[in-house]
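Reader: I would like to learn how to read a model of this kind, one feature at a time. Could you show me the structure and then take me through it?

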Amino acid sequence: MSATLHPHSLLHPTDTAKQAGDFMPLLGTDHVEFYVGNAKQAAHYYRTAFGMSLVAYCGPETGHHDRASYVVQQGKVRFVLTTALRSTHPIAAHTHRHGDGVRAVALLVDDARQAWEQATLRGAVSALEPVTLRDEYGETTVASIRTYGETVHTFVERGNYRGAFLPGYRAILHDPIAQPVGLLHIDHMVGNVGWHQMDEWVGFYERVMGFRLYQHFDDKDISTEYSALMSKVMANGNGYVKFPINEPAEGRHKSQVEEFLEFYDGPGVQHIALATQDILHTVRSLQRQGVEFLHVPHSYYSELEQRVGHIDEPICDLEELGILVDRDDEGYMLQIFTRPVEDRPTLFFEIIQRKGSRGFGKGNFRALFEAIEREQQARGNF
Ligand code: FE2
């Protein structure tokens, strides 16, 4: 492997920030909503393991008699854990089919109605027509469109809303059990789509949401001796929102994307990358709080300095924690991947610290996928 890696970087976010005429201006990711079997317990996991704080709740006590939602937050990372209270509710059908997983990737906009109109005008299928919600703290407007699988994008317009989350939610002012670990914001969120569907969804994000191709990786970049996948990274106009999209590629064994598609029963969000400014502290804290990470073999670290050159972090600390490093011509980045956070081998998390690099860890793909293959083997899915 060469010391300097050049992902196929096609676009710099700063270039596009200057571009006029972005028909879908996004201010960032507002929140991610998960449909889960038991939101009370899922929220407890994100609070105690990921150290997020419970900040808002809605359920029967707040007038919602068919579901309960817990909002947890750390930095700008905000998750909503939602469950159905009755078996006949559509949320129950979603969790029956997919297990716990991401339902909505919500994007913050200045004008939710306009975002929804622009998207549907360009061919998006509506999942929720614009609706304005009000309570004593003000009003917000939300609207949703469908994307891959049963996943949706919700446009959230907050205006000068002053409540804890959205109208109808009760604020939780203090979380006595949360132990923050330094999570700052969502760096990127990856979707897995079916065989030969990657370009269809790349086209969707280009046409419907004005995204551009940011980087791409083919099966030569992302393959081991046994399995392969292909990936294209889509970014919105200002580069705040990045959605890599994976599809399976032919290999001798079942790839991780195929395993996901089988157990999620269709396309869905594969991983969410959370940014930190101190990955050693963040990962050490997460491990202490029970988050499980993929194991990286010793050989990776014995070759590391030769591959990436000098880095600030002691390699012995990186090896102790299992953190991966990659370098490109702009700098380097550190990353680590959790094991799936459900019993189904579906959604997992990445913790990432960028030190100049805007890449996605191309130099780690092989080590990473070999680690995933060992886990697939242990599950009997390889
Ligand atoms: Fe990633």
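Author: The protein chain is assigned a domain 1 (2-171) and a domain 2 (183-379), the bounds coming from an automatic or database domain assignment. This is a predicted model, in which local features need pLDDT of at least 70 and side-chain atom pairs count only at pLDDT 80 or more, while totals for chains, interfaces and linings use all residues. Residues are numbered from 1 along each chain as its sequence is written, and side-chain values use heavy atoms, with hydrogens and water left out.

Reader: How many residues does each domain bring to the contact, and what area is buried between domain 1 and domain 2?

Author: The size of an interface is often given as the accessible area lost when the parts come together. Here the C-alpha centres of the two domains lie 22 Å apart, and the contact (heavy atoms within 4.5 Å) takes 60 residues from domain 1 and 58 residues from domain 2. The buried area, which is the accessible area (1.4 Å probe) that two parts lose on being put together, summed over both, is about 4,900 Å², with carbon and sulfur atoms giving 62% of that figure. The count of salt bridges between domain 1 and domain 2 is one, where a salt bridge is a side-chain nitrogen of Lys or Arg within 4 Å of a carboxyl oxygen of Asp or Glu.

Reader: Which residues coordinate the iron ion?

Author: Donors are N, O and S atoms within 2.8 Å of the metal (3.2 Å for Na, K and Ca), and since water is not among the atoms, sites may look incomplete. The iron ion is coordinated by His-188 (NE2), His-271 (NE2) and Glu-350 (OE), at 2.0 to 2.2 Å. His-271 belongs to strand S15 (residues 268-275) and Glu-350 to strand S18 (residues 348-355), so this pair ties together parts that are 79 residues apart in sequence; helices (H or I, at least four residues) and strands (E, at least two) are DSSP runs, numbered from the N terminus. His-271 is buried, at 8% relative accessible area, and Glu-350 is likewise buried, at 2%.

Reader: Which residues other than glycine have a positive phi, and are they buried or exposed?

Author: Most residues other than glycine have a negative phi, and most peptide bonds are trans. Among those with a positive phi is His-196, near 60°, which sits in the loop between strand S11 (185-192) and helix H5 (198-209) and is exposed, at 65% relative accessibility. Another is Asp-265, with a phi of about 60°, placed in the loop between H6 and S15 and partly exposed, at 38%. The side chain of Asp-265 also meets that of Arg-97 in a salt bridge (3.1 Å, N to O).

How values were computed. Buried means under 20% relative accessible area, exposed over 50%, partly exposed in between (1.4 Å probe, protein chains only).
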